[in-house]
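Take a look at the chain below. The report after it goes from the overall fold to a few local details.

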Amino acid sequence: MKNSLIKLACIALVSLVSMHVSAAPDEKTIGKAIFKKAMGTGCYGCHAATSNPQIIKLIKAGTLNKASFSKTVKDGKGGMPAMASTFMTIKVKDKATKEKKTIKDWGYSEAKAMDAIYNYLKSK
């Protein structure tokens, strides 16, 4: 009887833990969320406009490398404000569990989030 109760308790505990553990959304989902939601209007608010630099074209052409891109996003440049700390607070929903957390709470570092947006833009 005692062994049965211990086994049942272990099964219940494992079930509860597995219900609350979810993997972070994939890199593409994170990159897309940053591009669409940064500063409320998303990066595309400025960078998809014809009067502003075509960031996707620059990345795809190889004229904007990841190091330069990351520096500009982190520090700002010209009329563009520094964005890295802002986009870490964007909430992203996991498709499988429907759980919503900030990019930081999903376990992404600023560098990993920067890679996610750069790679997302490069894949477009």
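## Order of the elements

Along the sequence, the protein chain runs α-α-α-α-α-α-β-β-α. That gives seven helices and two strands. Helices here are DSSP runs of H or I with at least four residues, strands are runs of E with at least two, and both are numbered from the N terminus.

This is a predicted model, in which local features need pLDDT of at least 70, side-chain atom pairs count only at pLDDT 80 or more, and totals for chains, interfaces and linings use all residues. Residues are numbered from 1 along each chain as its sequence is written, and side-chain values use heavy atoms, with hydrogens and water left out.

## The chain as a whole

The protein chain has 124 residues, and 29% of them count as buried. Buried means under 20% relative accessible area, exposed means over 50%, and partly exposed lies in between (1.4 Å probe, protein chains only).

Now take contacts, meaning heavy atoms within 4.5 Å. Among contacts with a separation of 6 or more, 59% join residues 24 or more positions apart.

Helix 5 covers residues 66-75, and Asn65 caps its N-terminal end. A side-chain oxygen of Asn65 lies 3.2 Å from the backbone nitrogen of Ala67. After helix 5 comes Gly76, with a positive phi near 85°.

## Ile103, a loop residue

Is Ile103 buried or exposed? Ile103 counts as buried because its relative accessibility is 0%. Ile103 sits in the loop between strand 2 (100-102) and helix 7 (110-123).

Which residues does Ile103 touch, leaving out those up to four places away in sequence? They are Ile30, Ile34, Phe87, Met88, Ile90, Val92, Tyr108 and Ala113. Thr89 is 14 residues from Ile103 in sequence, and their C-alpha atoms are 6.1 Å apart.

## The second largest pocket

The second largest pocket holds about 180 Å³ of space. Helix 2 (27-37) and strand 1 (91-93) are the elements that give two or more residues to its lining. Helix 2 gives the largest share, six residues.

The lining includes Asp26, Lys28, Lys32, Val92 and Asp94. By class, the lining has two nonpolar, one polar and eight charged residues. Asp, Glu, Lys and Arg count as charged; Ala, Val, Leu, Ile, Met, Phe, Trp, Tyr, Cys and Pro as nonpolar; the others, Gly among them, as polar. A pocket is an open set of points on a 1 Å grid, where a 1.4 Å probe fits, with protein on both sides within 12 Å along at least five of seven lines; lining residues have an atom within 4 Å of a point. The volume is the space filled by probe spheres set on the points.

Terms used
A polar contact is a pair of N or O atoms within 3.5 Å; within protein, one must be able to donate a hydrogen and the other to accept it, and residues adjacent in sequence count only if both atoms are side-chain atoms.
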